[in-house]
Amino acid sequence: MARLIKVGTGGDEIEWKDALKSVRADDVLLLEPGYYEVQPGLEVSDLTIKGTGSSPEDTIIEGYFTLGEDCSFFTLENLCINTKSKNNSIFVQTTADTYLTLRNTVIYGNHDNLAGIAVNGKCTMELFSVKIIGASLSLFENSNFHVTMNDSLIDYPSEKFAAIGVQGKGTIIISNSKISGSISTYPNSNSELDINNSTTNKLLVHGSTWMNLLNSHILDQGDTAMYLSDDSWSSIIRCNFEGGVFIAKKTKTIMQNCRINRIIVCDQAKITLSNCNIINHADFQDNVKADVTRTVFSGNNNFQYFLALNKQAQLKGKDLILNPNGSVMAVQDDAEIKMKVLSSSQKSLNVEGQHRSKINIIGLDWELIQKN
């Protein structure tokens, strides 16, 4: 039977150390505002800890928690975890099969290679109004997970490590959240990644990953702000990319109603673009197959080509809008393009290439330029 245990220094409360010594499965510890230590750490078993202050920072626990095979659930609410030691703040062991819930909770890490939450076993995780500062959410190779993250923040802008790193097997759903750092699924992952109404600096998708990206914003301005690779499948709708989108290997991608600064698609990737706006540059290489509808291709002085194809790349386009802004189109090697132009900022278009027979442009005058 669950017990409600008030912890503090009042007359009807017990001290923290005594509460930890006598804790039982299913207990609910109600912590009055203050500072609590867990030394060297606590291996929990079916436990709920709640802070009773007006904000999470009123109740601070210094230490870390381990969830093993004897823990079927662990809940933290309205408190702050400060992990100063060289440990993951919350560690789910390989032998675990547990349910982890955090509500209105803050985790402070040390801005090192340790995680705020690290999962090695089986874990169903719910994060509601959670902040993880200076540490990551890491789902390791042996993990089997289902993660729901809503109205939360992970602030871990590391150049070496992901703010959310996914290696195991499972589903992660991120809604109405901000990731200051990168979201990465690794080559050994087998996962579903659903992101909606959220922002992240970078998004790197590898392995066998099915991704749904909706109404979200990728902030990094580098060439690989979003990098899709391996055997990943992606459906991307109404998203904004401040930097470059790089798509490679055997990926299959659908992008609809997106604003993209620039895009490169290579290897054997297949891509469908619909109602998109590509601001600066689009490049389709190797054996890529692209199907494009009602999309704007624009250029500027930073790129020689506003639209380029090479090797055996193929692009079929319908109802396209072209704004070259002084740059040219390139259809090189054995690449093929067949497009119907709805409107253009220029009356005629220069196309650099070697084979007129591989270029079919309807709705706009064009001239082939053969470059030695």
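**The aromatic pairs and their surroundings**

Modeller: Trp210 is partly exposed, because its relative accessible area is 39%, a value between the limits of 20% for buried and 50% for exposed. Trp233 is likewise partly exposed, with a relative accessible area of 40%. The model in which these residues are seen is a predicted one.

A search of the whole structure finds four aromatic pairs. One of them is formed by Trp210 and Trp233, a stacked pair with 5.9 Å from centre to centre and 25° between the planes. This pair links distant parts of the chain: Trp210 belongs to strand E24 (residues 208-214) and Trp233 to strand E27 (residues 233-237), and the two residues are 23 residues apart.

Tyr227 and Phe246 form another aromatic pair, which is edge-to-face, with 5.1 Å centre to centre and 90° between the planes. Tyr227 lies in strand E26 (residues 226-228) and Phe246 in strand E28 (residues 240-247), so this pair ties together parts that are 19 residues apart in sequence. Tyr227 counts as partly exposed because its relative accessibility is 26%.

The core comes next. The largest nonpolar core has 98 residues, and those with the most contacts inside it are Ile117, Phe241, Met255, Phe284, Leu307 and Met329. The largest pocket has a volume of about 310 Å³. Its lining has 16 residues, of which Trp16, Lys17, Leu20, Tyr36 and Glu37 lie nearest the centre. Helix H1 (16-22) and strand E3 (34-37) each supply at least two residues of this lining, and E3 gives the most, with four residues. By class, the lining of the largest pocket divides into seven nonpolar, five polar and four charged residues.

The second largest pocket holds about 240 Å³ of space. Among the 14 residues that line this second pocket, Ser158, Glu159, Phe161, Ser182 and Lys202 are the closest to its centre. Strand E21 (178-185) and strand E23 (199-205) are the elements that give two or more residues to the lining of the second largest pocket. That lining has five nonpolar, five polar and four charged residues.

Note on methods
Residues are numbered from 1 along each chain as its sequence is written. This is a predicted model: local features need pLDDT of at least 70, side-chain atom pairs count only at pLDDT 80 or more; totals for chains, interfaces and linings use all residues. Side-chain values use heavy atoms; hydrogens and water are left out. A nonpolar core is a set of buried Ala, Val, Leu, Ile, Met, Phe, Trp, Tyr and Cys residues joined through side-chain atoms within 4.5 Å. Buried means under 20% relative accessible area, exposed over 50%, partly exposed in between (1.4 Å probe, protein chains only). On a 1 Å grid over the protein atoms alone, a cavity is a set of points where a 1.4 Å probe fits but cannot get out, and a pocket is an open set with protein on both sides within 12 Å along at least five of seven lines; lining residues have an atom within 4 Å of a point. Grid points are joined across faces, edges and corners, and a volume is the space filled by probe spheres set on the points. Ala, Val, Leu, Ile, Met, Phe, Trp, Tyr, Cys and Pro count as nonpolar, Asp, Glu, Lys and Arg as charged, and the others, Gly among them, as polar. Rings of Phe, Tyr and Trp (its six-membered ring) pair if their centres lie within 6.5 Å; planes under 30 degrees apart count as stacked, over 60 as edge-to-face and the rest as tilted.
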